[in-house]
Amino acid sequence: MSVPFAIIAGVGPGTGAAVARKFSAAYPVALLARNPANYEDTVRDIQASGGKAIGISTDVSDSRSVSDAVTQTQQAFGSTCAAAVFNVGGKFVRKPFLDLSLEEFESGWEVNGRGAFLFSHAILPLLLQSTQQSTRPPTLIFTGATASLKGSAQFAAFSTGKFAKRSLAQSLAREFGPKGVHVAHVNIDGVIDIERTKEWMKDAGEDAKIKPEAIADAYWHLHTQPRTCFTQEMDIRPCVEKW
């Protein structure tokens with residue numbers, strides 16, 4: 001029997017895990033990450049709290065890996081996709097442009113451009129066929145960053161991929177919004193409060209970092225918007241962030 005499910009690509013200890021937990025309160029969830037260690041604890045937590053969750057090791061830059069992940073999700077939950085989140089960050093490279101290798105430059109595109117394309121191409125058919133079955137508009141959300149809107153010095157590799165993902169989100173929103181699929185891009189403009197950033201900005205005050213749970217709440221809000229009120233792009237930043 002097919003039940004509405006959510007699928008989150010790019011699950012780690014921060015935003016991905018928080019989004020998975022938030023959506024698991026309403027749907028079975030499939031958690032995708034290249035390294036199983038990134039999703040195993042979250043899968044166990046969701047299952048322990050009574051939710052349904054599976055984890056699938058996935059390389060989003062590989063078409064066969066993405067296709068297999070979506071197939072495994074369908075085998076577990078059916079073909080009614082209520083929500084899909086592309087939260088893969090990609091390799092962070094910051095160095096002078098003339099010091100960049102071609103491999104380093106393409107690393108940003110491989111995940112944020114190619115990966116976003118492969119994920120969208122695989123999951124949009126399921127979102128489309130869910131428009132008449134889901135109680136909420138089927139939703140595709142892309143996680144962006146400051147570099148999605150601003151190509152800073154020495155960020156050529158990172159920002160190029162982020163720009164590509166944002167552009168893809170805009171194009172898909174214009175094509176699939178009229179068909180009932182809500183496509184949104186979220187610009188995360190600030191430091192996310194996770195273990196890895198614990199020592200960052202220690203003197204900036206308690207409002208200086210973004211809580212992953214707050215991001216998850218914003219994503220859920222996007223998912224629950226009616227067809228008459230789709231938000232295509234959202235900026236999220238701490239109140240003290242300079243922008």
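**Helices α1 and α6 are oblique to each other.** Their axes come within 8 Å and cross at roughly 50°. Axes here are lines fitted to C-alpha atoms, for helices over the stretch in contact, and angles run from 0 to 180 degrees between N-to-C directions. Angles under 35 degrees count as roughly parallel, over 145 as roughly antiparallel, 65 to 115 as roughly perpendicular, and the rest as oblique. The model is predicted, with local features needing pLDDT of at least 70 and side-chain atom pairs counting only at pLDDT 80 or more, while totals for chains, interfaces and linings use all residues. Residues are numbered from 1 along each chain as its sequence is written, and side-chain values use heavy atoms, with hydrogens and water left out. Helices (H or I, at least four residues) and strands (E, at least two) are DSSP runs, numbered from the N terminus.

The crossing of α1 and α6 is right-handed; a crossing is left-handed if the near helix is turned anticlockwise from the far one by less than a right angle, and right-handed if clockwise. From α1, the contact uses Thr15, Ala18, Val19, Lys22 and Phe23, and from α6 it uses Pro212, Glu213, Ile215, Ala216, Asp217, Tyr219, Trp220 and His223. Contact means heavy atoms within 4.5 Å. The residues of this contact comprise 8 nonpolar, 2 polar and 3 charged. Ala, Val, Leu, Ile, Met, Phe, Trp, Tyr, Cys and Pro count as nonpolar, Asp, Glu, Lys and Arg as charged, and the others, Gly among them, as polar.

**Helix α1 is largely enclosed by the rest of the structure.** The reason is that 8 of the 10 residues of α1 (residues 15–24) are buried, where buried means under 20% relative accessible area, exposed over 50% and partly exposed in between (1.4 Å probe, protein chains only). The buried residues are Thr15, Gly16, Ala17, Ala18, Val19, Ala20, Phe23 and Ser24. Their cover includes the strands β1 (5–9), β2 (29–33) and β4 (81–86), together with the helices α2 (40–48) and α6 (212–224).

**Helices α1 and α2 pack side by side, with axes that come within 10 Å.** The axes cross at roughly 20°, so α1 is roughly parallel to α2. The crossing is right-handed. Ala17, Ala20, Arg21 and Ser24 of α1 meet Thr42, Asp45 and Ile46 of α2. These contact residues divide into 3 nonpolar, 2 polar and 2 charged.

**Helices α4 and α5 have axes 7 Å apart.** The angle between α4 (residues 102–128) and α5 is about 20°, which makes the two roughly parallel. α4 passes α5 in a right-handed crossing. On the α4 side the contact is made by Glu104, Phe105, Gly108, Trp109, Asn112, Gly113, Ala116, Phe117, Ser120, Leu124 and Leu128. On the α5 side the residues are Ala156, Ala157, Thr160, Gly161, Lys162, Ala164, Lys165, Leu168, Leu172 and Phe176. Of the contact residues, 12 are nonpolar, 6 polar and 3 charged.

**Aromatic rings form 8 pairs in the structure.** Rings of Phe, Tyr and Trp (its six-membered ring) pair if their centres lie within 6.5 Å; planes under 30 degrees apart count as stacked, over 60 as edge-to-face and the rest as tilted. Tyr27 and Trp220 form a tilted pair, because their ring centres are 6.1 Å apart and their planes stand at 50°. Tyr27 lies in the loop between α1 and β2 and Trp220 in helix α6, so that the pair links parts of the chain 193 residues apart. Both Tyr27 and Trp220 are buried. Phe23 joins Tyr27 and Trp220 in a cluster linked by ring pairs.

**Phe92 and Phe155 form an edge-to-face pair.** The ring centres are 5.6 Å apart, with the planes at 65°. Phe92 is in the loop between β4 and α4 and Phe155 in the loop between β5 and α5, so the pair ties together parts that are 63 residues apart in sequence. Phe155 counts as buried, at 16% relative accessibility.

**Gln154 has a positive phi in a residue other than glycine.** The value is near 70°. Gln154 sits in the loop between β5 (139–145) and α5 (156–176) and is partly exposed, with a relative accessible area of 39%.
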